[in-house]
Amino acid sequence: QHGAAAALVAVAAADMDPPPDGAGVDSLLDALHRSGFSPDWLPLPRLSALLWAVRRLGRTDTIQHRELFGELHARVGKMEPEALAAQVGRAAEHGEMMLPALHLMREHLALVVERTRHRIANARDERELLSLMVSLPPAQLCDSLARLAALVKDCPDPGAWAASLTAGPDFIVARDRLKELLPELDHLQLRDSLCALAELNARDPWTLLAYCERLETMLHVLTVADTARCLWGLASLGLAQAPAYAKMMRAVEKQIKALPSDLVCKLIRAIAPLSRAAACSRLLPKLAAVLASAQPAPAVGDLLDTCRTLCSRMPMPPVLIQMLISCVYTALEGDPDSLSLAGSLDPPQIAVSLWLLVRHLPVLSAGQGVLLQDVRGMVERLFPLLSDLGSLSAEQLCDLFEVLLRLGPPYTQSPLATRLAQQTEARNSRGQLRAAHKLSSAWGLYGLAGGSGDGPTGAHALAELLRDEAPRCARAEGAEGLCGCFRRLSMLPLGRLPLLDGVAAELESLPALEPQLLTELIDAMARLRYDSPSPLVLLSSHLSALLDRDQLHEASAASCLEAIAILTAGMPAAVAAPLAPLPARLLARTAKVVALLPHNVTSLLRGLARLQLLPQPDSVGGVTPASLIDKMVAGGMSPDISELAFQLKSCTILGLPQLAQTILASFTADQLTSTCDADAATLSSLLWSLLALREHEHPLLPACLTAVAGISFTRAQLPLVAESTLMLQLEAPAGLPPIPAELAMVAATAAAELSAVAAEAAFGSARQPGPTLREVSGALEHLGLRHGVQVLLALHVLDFVLPPETTGGESVAILLHSATDLLRDTVGGNPLSELAGPAQVKRRLIQQQGWVVLSILDHEWRALGSDHAKVNAMRQMLDPHVKPHADRNGRHPGAGAQASGYGGGGGPR
């Protein structure tokens with residue numbers, strides 16, 4: 001029987017021409033039958049080969065064919081579903097003799113898949129789905145995950161139910177199985193399973209890292225929309241950093257305008273809650289711009305949720321505010337048959353709309369006349385529609401406190417204020433307020449109560465109660481609750497709050513903080529300018545411990561460096577002392593990486609510029625500003641226009657014009673075209689930097705000047721605009737677009753006021769001089785030189801002026817420079833003798849107006865010691881610029897020397 005079977009296979013495989021004699025084939029089949037041959041004796045490959053031979057020889061109507069086919073069909077039907085896909089793969093590798101078995105396997109596999117999909121689609125509940133997922137093959141496992149996410153989404157409380165399911169043992173087994181099967185998933189299955197995990201909020205770091213590694217190898221087959229969905233999934237699951245992010249962001253940025261509006265909204269809501277250090281946070285401004293121009297616009301609920309989340313990180317661009325007003329107006333007018341004045345808007349949507357619009361009133365008040373009127377009109381229309389406060393979340397109640405206080409009277413005396421206080425008290429009595437809500441509500445109630453006690457009845461007492469309860473509540477909530485308090489209050493329109501002192505004391509109870517939470521906490525404290533010594537010591541300790549254990553990501557190090565620079569600005573040296581060693585250590589942390597993303601480099605350079613810090617390379621692991629730019633180039637991503645502007649400004653402040661020119665030399669066409677959509681901070685920094693560097697021929701300069709015409713600047717940005725105007729007038733060639741006259745005048749006024757305030761803060765005034773101002777004036781008097789004190793020249797204050805009649809020819813200006821005008825190589829150390837960029841620009845502009853400018857460094861002046869040494873130093877400095885007395889009409893040097901604006905005395909004896 002074996003010989004007959006082998007002969008049949010051999011004859012069929014020989015592919016004889018002419019075909020073999022039919023009688024011979026039939027005799028072999030008869031011999032096989034007479035020998036008592038049974039197909040179940042053969043292994044599967046031999047059985048398939050024999051069936052293939054019978055078919056190849058044209059004997060499909062014989063009893064042997066029926067027996068062979070029946071046996072093969074039965075064996076395939078008994079195969080385990082889990083192993084069937086692998087069997088199909090192996091059968092396909094054995095050539096055409098396995099075709100009969102391969103066809104049956106594929107039919108059986110399709111049947112199994114269809115049955116499994118039917119079971120997945122008709123699963124009674126989530127528990128049944130989880131029991132199926134334990135043994136499913138890859139494709140069906142992805143289908144079941146997507147089905148599970150859909151079922152959970154339809155629940156009344158999807159977040160709580162998803163947390164319960166994903167914490168169970170069945171899901172953990174399914175998740176581990178998914179991680180094992182990742183190499184077998186195709187790009188669409190990767191996308192779908194990752195998005196399902198994101199919908200379920202199933203956070204597992206190892207699974208996410210496995211997805212990142214797999215996605216990095218599959219990006220070439222993913223569309224832009226698929227890549228964006230994968231990016232959303234990773235960001236939703238809290239993954240702030242991943243090697244794949246750089247490639248994913250490059251892919252998304254190229255076609256970001258082609259993304260559908262619902263996906264743009266999802267991306268914003270996923271990325272904004274991550275810290276500033278997150279790799280994908282640089283996409284937020286671009287996504288906001290794309291959302292503002294999306295057609296069709298997203299649903300009003302989706303838009304409100306997205307804008308509310310976005311505002312936790314950045315203000316809305318004016319175009320997006322206009323879209324929001326349009327969508328809200330459409331919702332108010334949507335149903336002409338509706339008797340409700342609110343149209344299709346529910347109370348939570350009205351509350352969010354009010355908060356978004358009122359929050360942007362201060363920014364819009366600087367300009368944007370038409371938009372400002374639209375915002376105020378919409379606020380007046382929405383405010384009376386707030387009726388049912390019971391349906392609002394605790395966060396929305398806190399938002400309404402902010403709305404009332406930003407609007408001020410008469411809104412703070414409205415019945416809504418009383419109802420809001422009552423609702424807050426009721427929620428607190430039921431234990432429905434978290435620590436952050438208690439503190440935010442306490443701030444609002446203190447504001448409503450005011451100093452005159454005209455606020456809602458009992459508002460002050462309730463505020464005291466909430467303030468006292470917040471620390472205990474924060475302690476129970478742990479690290480997340482404590483950080484949430486700082487995060488929530490940092491969004492309010494205020495500086496440091498005594499309200500936070502009780503909560504800050506609870507930081508001592510935390511054994512350690514996760515890197516991301518610590519980064520967010522430092523960032524929030526920087527926004528609050530929180531300067532209590534004890535929390536700063538704790539922060540320094542936690543951050544040092546992370547650095548010691550090498551557990552701080554380089555992106556978090558960059559964010560922390562910038563936050564510490566903001567936090568310590570203007571802080572007394574004794575208070576800032578615990579933080580002083582950290583900038584050098586944070587900078588050294590970046591020495592361990594080869595590449596950095598542009599926004600991380602921008603944070604590092606901005607931090608150094610705020611600190612005016614140029615450390616010695618050997619003290620920070622060899623890191624220099626130039627090496628940071630090299631790491632950005634190695635990362636393969638170009639900075640956007642905002643990052644470019646702040647990098648240029650930082651290099652200019654640090655006195656690194658060559659590095660700034662290196663950055664400018666690699667600018668792209670995208671940066672040039674995006675200048676017209678840049679915000680006020682970007683444009684003011686870019687314009688000032690280009691003019692300070694005297695890049696008058698650079699293409700970015702005319703584009704920037706054109707864009708400035710339609711922008712409203714804050715008071716803090718106006719001095720940059722004013723100096724830019726002066727540089728244009730004094731140094732730039734003709735033909736460049738001018739800064740609008742009205743803007744230039746407003747900017748000049750603001751800059752002059754701020755310059756006078758800064759000069760007085762550093763050295764006192766002519767009437768109440770500080771020690772250095774008094775001593776320098778006394779030295780000039782001792783030399784018999786008539787002088788003016790703190791004279792305003794255009795935008796800048798000249799500490800001392802010697803007119804031509806005093807010098808015998810030239811107008812001389814003497815500038816005093818405190819430590820804030822100088823660079824330094826260590827935080828808290830002695831300043832260097834090198835002026836920072838703004839002070840250099842000030843000197844240059846004064847010189848351009850015809851003055852001889854001399855500088856006295858405060859620390860060098862004090863180091864001279866004796867009055868005699870100071871007078872001699874002054875004489876040596878002035879000798880080249882003041883003519884001998886005989887050349888000045890014979891005037892005696894000591895007769896009647898006076899200082900205009902300052903009555904003599906206090907000089908050297």
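Buried means under 20% relative accessible area, exposed means over 50%, and partly exposed lies in between, with a 1.4 Å probe and protein chains only. By that rule, buried residues make up 52% of the 909 residues in the protein.

This is a predicted model, in which local features need pLDDT of at least 70 and side-chain atom pairs count only at pLDDT 80 or more, while totals for chains, interfaces and linings use all residues. Residues are numbered from 1 along each chain as its sequence is written, and side-chain values use heavy atoms, with hydrogens and water left out.

**Overall form**

The protein has 45 helices and 7 strands. Helices (H or I, at least four residues) and strands (E, at least two) are DSSP runs, numbered from the N terminus. The radius of gyration is 37 Å, well over the 29 Å that the globule rule gives for 909 residues, so the protein is more spread out than a compact globule. That radius is taken over C-alpha atoms, and the globule rule is 2.2 Å times the number of residues to the power 0.38. Along the principal axes, the C-alpha atoms fill a box of roughly 145 × 70 × 55 Å.

Contact means heavy atoms within 4.5 Å. Of the contacts with a separation of 6 or more, 74% are between residues 24 or more positions apart.

**Surface and charge**

The protein exposes about 39200 Å², and carbon and sulfur atoms supply 55% of this area. The areas come from the Shrake-Rupley method with a 1.4 Å probe; for residues, only the protein chains shown count as cover. There are 76 positive and 91 negative charges, and their mean positions are 3 Å apart. Lys and Arg count as positive and Asp and Glu as negative; His and the chain ends are not counted. Each charge is placed at NZ of Lys, CZ of Arg, CG of Asp or CD of Glu.

A417 lies in helix α23 (residues 415-429). A417 counts as buried, at 1% relative accessibility. Beyond residues up to four places away in sequence, A417 touches L404, T412, L448 and P456. A417 and L448 are 31 residues apart in sequence, yet their C-alpha atoms are 7.6 Å apart in space.

T568 lies in helix α29 (residues 554-568). T568 is buried too, with a relative accessible area of 15%. Leaving aside neighbours within four places in sequence, T568 is in contact with A576, L579 and L611. A polar atom of the T568 side chain lies 3.5 Å from the backbone oxygen of A565.

**Backbone exceptions in loops**

Most residues other than glycine have a negative phi, and most peptide bonds are trans. The table lists departures from both patterns.

| Site | Feature | Value |
|---|---|---|
| Q295 to P296 | cis peptide bond | omega about -5 degrees |
| P409 to P410 | cis peptide bond | omega near 5 degrees |
| R529 | positive phi | phi near 55 degrees |
| D550 | positive phi | phi near 55 degrees |

P296 lies in the loop between α16 (284-292) and α17 (300-310). P410 is found in the loop between α22 (394-407) and α23. R529 lies in the loop between α27 (515-528) and α28 (533-548). D550 is found in the loop between α28 and α29. R529 is partly exposed, with a relative accessible area of 43%. D550 is also partly exposed, with a relative accessible area of 45%.

Key
Polar contact = N/O pair within 3.5 Å; in protein donor to acceptor, adjacent residues only side chain to side chain.
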